Amino acid sequence: MMKTKTFVLAPDSFKESMTAREACLAMQHGLQRIFPDAKYDLCPMADGGEGTVDTIIDAQQGQKVYITVSGPLHLYKVQTYFGLIDQGRTAVIEMAKANGIHLLTPDQRNPLLTSTYGTGELIRAALDHQVSKIIIGLGGSVTNDAGMGMASALGVRFLDQFDQEVELGGGQLNQIASIDITQLDPRLADVEIVIATDVNNPLIGPHGATYIFGPQKGATPDMLIQLEANLCHFADIIQQTLGISLHHVKGAGAAGGLAAGLMAFTTAKIQSGVETVIESIQLAQKIQAADYIFTGEGGIDIQTQFGKTPIGVARLAKTFNKPVFVCAGYIGQGIEMLYEDGITAIFGILDGASNIEQACKNGAMNLTRTTENIGRLIKQLESTETK
């Protein structure tokens with residue numbers, strides 16, 4: 001009797017087109033046209049950014065805890081949630097759900113004013129549930145305050161030369177003359193905190209938080225100069241107060257330096273976002289038992305090698321010698337080197353020349369058609385091998 005074929009479907013979201021789960025379903029629909037009796041293991045993925053909380057909650061049958069917190073602009077509140085998994089012992093937080101770029105219109109985005117205070121409120125709420133571990137995804141921020149807002153929400157006081165509390169926002173960091181941590185929430189000392197990110201940029205410098213990510217958050221050229229100087233000042237004050245040098249730590253620039261703030265004031269350690277998700281959803285066991293692996297996201301290019309979902313899935317599958325097919329909305333430059341990391345083949349899903357709006361609208365249909373065609377190829381190759 002022929003063994004039932006097993007497909008692991010582990011894509012990330014296709015931004016502005018499909019969530020990771022919708023991409024899984026589109027892949028399944030295409031493959032089922034060729035392999036109707038196969039087993040399909042749907043594993044929606046994320047790499048620390050959008051979808052991380054939902055992916056982990058879904059995989060572990062966790063629960064959502066709804067809460068109102070401060071948005072990127074402190075006066076505005078947002079309704080959001082974090083996850084509880086592992087029988088309530090672990091909280092999963094996505095900073096973008098409180099302080100993400102999607103929460104502001106382009107004309108509202110100003111990293112001199114935006115803050116991570118709401119992320120600190122999410123952490124505090126998780127502590128109220130007596131968790132022993134917190135996973136924090138750092139993708140998609142609209143902030144550049146080095147986690148000052150987050151730390152303020154957890155009890156840290158940032159004081160100016162007159163011992164007055166400094167206002168929130170990346171534009172105010174240069175006003176900090178001293179830091180008072182005596183009121184920092186003591187529960188943080190007993191909680192393991194994992195920073196999940198696909199960013200390895202340092203806090204400052206030409207490849208740091210400001211110059212690489214500031215423009216997409218609304219920073220003008222003049223703002224970039226000010227924000228960079230402010231981050232340098234903040235890092236200097238941290239070093240003077242806590243004896244920790246975070247200026248050039250790999251990954252400290254994630255989410256406008258929120259990673260640096262977390263490392264300064266909590267027990268937080270950085271971990272690859274995709275590796276965090278892989279571990280949380282037990283993807284290794286699923287891949288080991290599968291025949292074929294499908295992954296993908298909106299775009300794939302040379303940057304994919306730096307911790308994006310497709311390369312994380314492929315590297316894991318390579319350890320089990322499993323074939324990996326990648327589907328992407330667009331294919332950029334430099335993908336040749338990705339094949340060395342376990343990718344079998346890369347397929348663009350567009351059906352012809354189209355604008356972004358049309359491509360996003362037809363994303364699921366295009367992904368279904370592409371996976372169907374890959375399925376036809378697999379079936380033909382298998383048929384040839386058995387002759």
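## Helices on the sheet

Helix α1 (residues 20-32) lies across β1 (6-9), β2, β11 and β12, and runs at about 165° to β2. Helices and strands here are DSSP runs numbered from the N terminus (H or I, at least four residues, for helices; E, at least two, for strands). Axes are lines fitted to C-alpha atoms, for helices over the stretch in contact, with angles from 0 to 180 degrees between N-to-C directions. α11 also packs on the sheet, where it touches β11 and β12, and its direction makes about 160° with that of β11.

This is a predicted model: local features need pLDDT of at least 70, side-chain atom pairs count only at pLDDT 80 or more, and totals for chains, interfaces and linings use all residues. Residues are numbered from 1 along each chain as its sequence is written, and side-chain values use heavy atoms, leaving out hydrogens and water.

## The open sheet

Let's turn to the strands. The open sheet has 5 of them, in the order β2-β1-β11-β12-β13, with parallel pairing (two strands pair if DSSP finds at least two bridges between them). β2 (39-42) and β13 (345-348) stand at the edges with a single partner strand each, so one side of each has no neighbour in the sheet. Between β11 (residues 292-300) and β12 (residues 324-331) there are 7 bridges, and I300 faces I331 in β12.

In helix α9 (residues 273-280), 6 of the 8 residues are buried, meaning under 20% relative accessible area with a 1.4 Å probe, protein chains only. Their cover includes β9 and β10 (269-272).

V194 sits in strand β9 (residues 192-197) and counts as buried because its relative accessibility is 8%. Its contacts (heavy atoms within 4.5 Å) beyond four places in sequence include I135, Q271 and T276.

Methods:
Buried means under 20% relative accessible area, exposed over 50%, partly exposed in between (1.4 Å probe, protein chains only).
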